[in-house]
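Please read the points below with the structure in view.

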Amino acid sequence: MSARFIWSANSREARTYKIVGWTLFVIALVLFTFAYADTAQIEIFGNGYALSLPRASKAIAFMIAILGLQVVVGYTGQLVLGQSFFFGTGAYLGAYMVADHNWPWVLSLLVVVPVCFIIGAIFGLPALRIKGLYLALVTLGLAATFPSIVQLDALDEYTGGASGKTVSSDLVPPSWLPLDGISSIFQNIPFFGQYFGEGDLSSSESERIWKFFLFTVLLAICIWLVSNLIKSRSGRALRAIRDNETSAAVSGVNLAKDKTLSFGLASALGGVGGVVYVAELGIASPLDFTQLLAINFIVGLVVGGVGTLSGAVVGGIVIAFIPDWSASTESFPGIPERWLQGPTGVFILGALLILLTFVLPGGVVAGMRRIKGRILQIVPQPPKGARVPTPPDGADAELRHEADEITAGVAANDPLTDEPKD
């Protein structure tokens with residue numbers, strides 16, 4: 001089925017579409033930040049679902065960790081289940097540097113990133129010999145041992161043992177940032193101002209807003225770096241390994257180097273996610289980094305969409321909110337209330353995962369792209385001097401119409417000059 005609108009990537013319509021889309025996204029993000037600086041609830045079918053910035057910041061930590069899984073699982077094709085190990089390593093390293101050495105959170109990344117990268121590269125060496133379910137089993141074992149490692153008596157001084165490593169946050173908003181002024185503007189919006197509270201923000205609310213903005217910027221940087229990697233020569237090599245290792249090796253891809261690189265990058269991103277996690281919660285506890293968290297990361301990866309950067313964002317939101325919201329569901333139309341009693345959070349999440357596998361086998365992002373593709377398609381700009389071939393006279397009318405649309409998009413920008421025609 002042909003899309004309703006077909007635009008060239010460099011056309012004026014496509015550029016306007018991207019600018020408007022990102023502008024609306026940023027506006028919605030800012031409104032959400034100030035509306036839910038304090039814990040609030042959304043009422044749906046008589047159920048109260050908690051929504052707050054601390055949980056959203058926790059979701060960002062998960063997004064960064066799942067983004068690392070996208071590198072090693074989605075783009076390299078290695079079945080890895082040990083991301084919680086590096087997530088926990090980053091959390092404990094960050095807490096140690098901040099609590100015991102008074103480092104700022106941002107500077108702690110200078111230690112966390114290279115350490116997690118090196119550890120990930122070392123543990124990635126077995127991937128050169130094993131793969132598939134055997135690699136999954138080895139990495140899952142790595143995740144399972146992490147809580148025991150941080151509770152060793154020899155490390156108690158650094159990790160806090162079973163009680164965890166407590167750290168106070170120093171992410172205080174700068175005095176020049178007019179958070180109260182922005183909040184006042186939102187509070188004076190007719191009909192919607194009531195959702196942004198009353199009066200000035202409290203110190204805790206200002207700190208939550210500042211941390212959420214910092215974590216969002218850090219997430220954007222991570223996505224930008226991974227996006228550039230995937231578009232580079234190394235990224236093409238990773239995808240070649242995923243599709244066919246033998247063909248990749250014959251084509252000149254260094255399997256050992258690129259596999260090790262993917263493991264190191266995934267581990268480094270997992271460590272960054274761990275720093276965000278402990279910076280928000282203020283404590284790194286052994287029970288927060290079990291193999292269950294590793295499985296949840298894989299669930300988020302699959303639900304969001306394997307091999308998609310935006311899938312990491314969707315996956316982080318799912319594993320941060322859905323289990324808690326599922327457990328808060330006490331009534332639903334058509335379902336007896338007794339069926340919703342007890343530990344329903346994990347059950348409903350599992351049921352949704354099974355349903356999603358049949359309805360959206362490629363994940364939420366793939367489903368959204370299919371829906372968008374029926375409405376709008378943005379085709380790549382042909383190289384300078386290229387012309388779109390004309391379909392034969394007997395071609396289907398829909399195909400000829402699509403070719404005409406693409407040709408019109410090419411004509412809108414003269415291929416022999418960088419300036420668009422009027």
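1. The axes of helix H12 (residues 291-304) and helix H13 (residues 309-327) come within 7 Å of each other and cross at roughly 130°. Helices here are DSSP runs (H or I, at least four residues) numbered from the N terminus, and axes are lines fitted to C-alpha atoms over the stretch in contact, with angles from 0 to 180 degrees between N-to-C directions. H12 and H13 are therefore oblique to each other; angles under 35 degrees count as roughly parallel, over 145 as roughly antiparallel, 65 to 115 as roughly perpendicular and the rest as oblique.

2. This is a predicted model, in which local features need pLDDT of at least 70 and side-chain atom pairs count only at pLDDT 80 or more, while totals for chains, interfaces and linings use all residues. Residues are numbered from 1 along each chain as its sequence is written, and side-chain values use heavy atoms, with hydrogens and water left out.

3. On the H12 side, Asn296, Phe297, Gly300, Val303 and Gly304 meet Gly311, Val314, Gly315, Val318 and Ile319 of H13, contact meaning heavy atoms within 4.5 Å. By class, five residues of this contact are nonpolar, five are polar and none is charged. Ala, Val, Leu, Ile, Met, Phe, Trp, Tyr, Cys and Pro count as nonpolar, Asp, Glu, Lys and Arg as charged, and the others, Gly among them, as polar.

4. H12 also meets H3: their axes come within 7 Å and cross at roughly 115°. H3 and H12 are therefore roughly perpendicular to each other. Gln83, Ser84 and Phe87 of H3 make the contact with Gln291, Leu293, Ala294 and Phe297 of H12. These residues comprise four nonpolar, three polar and no charged.

5. The largest nonpolar core has 75 residues, and Phe62, Phe87 and Phe297 are among those with the most contacts inside it. Such a core is a set of buried Ala, Val, Leu, Ile, Met, Phe, Trp, Tyr and Cys residues joined through side-chain atoms within 4.5 Å. Helix H2 (residues 53-75) supplies the largest share, 16 residues. Phenylalanine 62 touches Phe87, Tyr277, Leu293, Phe297, Gly316, Ile319 and Ala320, residues up to four places away in sequence not being counted.

6. Is asparagine 102 buried or exposed? Asparagine 102 is exposed, with a relative accessible area of 68%; buried means under 20%, exposed over 50% and partly exposed in between, with a 1.4 Å probe and protein chains only. Asparagine 102 lies in the loop between helix H3 (83-101) and helix H4 (105-124), and its phi is near 60°, a positive value in a residue other than glycine.

Note on methods:
Helices (H or I, at least four residues) and strands (E, at least two) are DSSP runs, numbered from the N terminus.
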